[in-house]
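Let's take a walk through this one, stopping at a few spots along the way. Have a look at the model first.

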Amino acid sequence: MAGPKPLWVDSHCHLFAAEGNTDEVLRRAHDAGVAWVMCPGIDLETSLQARRLSLEHRDMVMWAAGLHPHDAVRWSDEEARLTALIAEADAIGECGLDYYRDLSPRPLQREVFRRQLQLAGDLDKPIIVHCRDAFADVYEDVAAADLGERVVLHSWTGGPKWTKRFDALGVTFSFAGMVTYPTAETVRLAVAVAPPQRSMVETDTPYLSPQPHRSSANEPAFVPITGAQVAEIWDLDLAETARLTAATAQRVFRFGGV
Ligand SMILES: [Zn+2]
């Protein structure tokens with residue numbers, strides 16, 4: 001028997017970079033069963049854009065301010081204004097470490113990541129973490145920060161070993177469209193050991209479109225596709241998977257201030 005349509009949350013959506021008109025993107029998301037989205041910035045300018053979108057669409061959009069590891073070199077220029085913005089934001093991010101592309105020097109990436117973790121602790125805010133080929137260092141810094149589920153490991157690609165180690169810290173996992181890619185077996189193995197009560201799904205719009213939309217820009221309306229794949233791995237039905245992942249997003253990001 002068909003119950004009410006499952007309601008999803010897109011826990012990571014760069015709405016300012018989505019293709020097309022924001023109202024239409026959000027309407028398509030709503031029609032696909034997406035209740036709300038979290039929109040993280042990647043630097044000062046995009047954090048301001050995320051803030052503006054959230055103010056315009058408060059019924060559906062939360063926002064985060066932070067500096068991405070690719071742009072860690074800009075911390076000294078943007079620190080004062082970003083810190084002020086972070087104090088106002090729903091969450092911090094995205095930030096983290098990226099040793100795959102190495103676009104900023106690693107010691108600087110690390111320092112900037114630690115500063116944002118410190119702010120998360122001081123301000124009691126969730127923090128959205130990007131981790132690419134930097135598992136050991138992210139682990140060390142996240143463990144030291146001791147923020148539990150307020151740390152969100154976004155677009156998580158760690159295999160089962162790292163997933164279990166991070167799980168023991170009580171962090172929150174967020175899985176993106178890669179989980180639908182035939183070659184992404186590692187991500188599916190991570191989903192299999194991740195706790196359904198502490199996991200979310202995301203699009204990472206406009207990147208990482210799930211199958212069969214890989215040739216087009218991603219948008220929040222596609223998050224139920226990733227949710228369906230995750231449900232299959234967990235052997236849960238769609239409604240239960242939507243309920244669990246949305247409840248985690250609600251708990252971590254406190255949409256609507258509740
Ligand atoms: Zn992102």
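Where is the place of threonine 46? Threonine 46 sits in helix α2. Keep in mind throughout that this is a predicted model.

## Threonine 46

With a relative accessibility of 11%, threonine 46 counts as buried, because the cut-off for that label is under 20%. Leaving aside neighbours within four places in sequence, threonine 46 has Phe16 and Gly41 as its contacts.

## The zinc site

Now for the metal. Four residues coordinate the zinc ion: His12 and His14, each through NE2, Glu94 through OE and Asp204 through OD. The distances run from 2.0 to 2.6 Å. Along the sequence, the spacing of the donor residues reads H-x1-H-x79-E-x109-D.

Histidine 12 is in the loop between β1 (8–10) and α1 (22–31), while aspartate 204 is in the loop between β8 (199–201) and α8 (223–234), so this pair ties together parts that are 192 residues apart in sequence.

## Helix α3 and its bend

Helix α3 covers residues 75–88, which makes 14 residues. From first C-alpha to last, α3 reaches 18 Å, close to the 20 Å expected at 1.5 Å a residue. Still, α3 isn't straight: there's a bend of about 40° at arginine 81.

Which residues of α3 are buried? They are Trp75, Glu78, Leu82, Leu85 and Ile86. Among the elements covering these buried residues are α2 (44–56), β3 (61–65), β4 (91–98) and α4 (106–123).

On to the packing. The largest nonpolar core has 63 residues, and the ones with the most contacts inside it are Leu15, Ile127, Val138, Leu153, Trp156, Phe166 and Phe175. Helix α4 gives the largest share of this core, with 5 residues.

Not counting residues up to four places away in sequence, phenylalanine 175 touches Trp156, Val187, Ala190, Val191, Ala194, Ser199, Met200, Val201, Glu202, Thr226 and Val230.

How values were computed: Residues numbered from 1 in each chain as written. Predicted model: local features only at pLDDT ≥ 70, side-chain atom pairs only at ≥ 80, totals over all residues. Heavy atoms only, no water. Donors = N, O, S within 2.8 Å, 3.2 Å for Na, K, Ca; no water. Helix = DSSP H or I, 4+ residues; strand = E, 2+ residues; numbered from the N terminus. Expected span 1.5 Å × (residues − 1). Bend = angle between axes of the 7 residues up to and from the residue. Buried < 20%, exposed > 50% of the residue type's maximum accessible area, 1.4 Å probe, protein only. Contact = heavy atoms within 4.5 Å. Core = buried A, V, L, I, M, F, W, Y, C linked by side-chain atoms within 4.5 Å.
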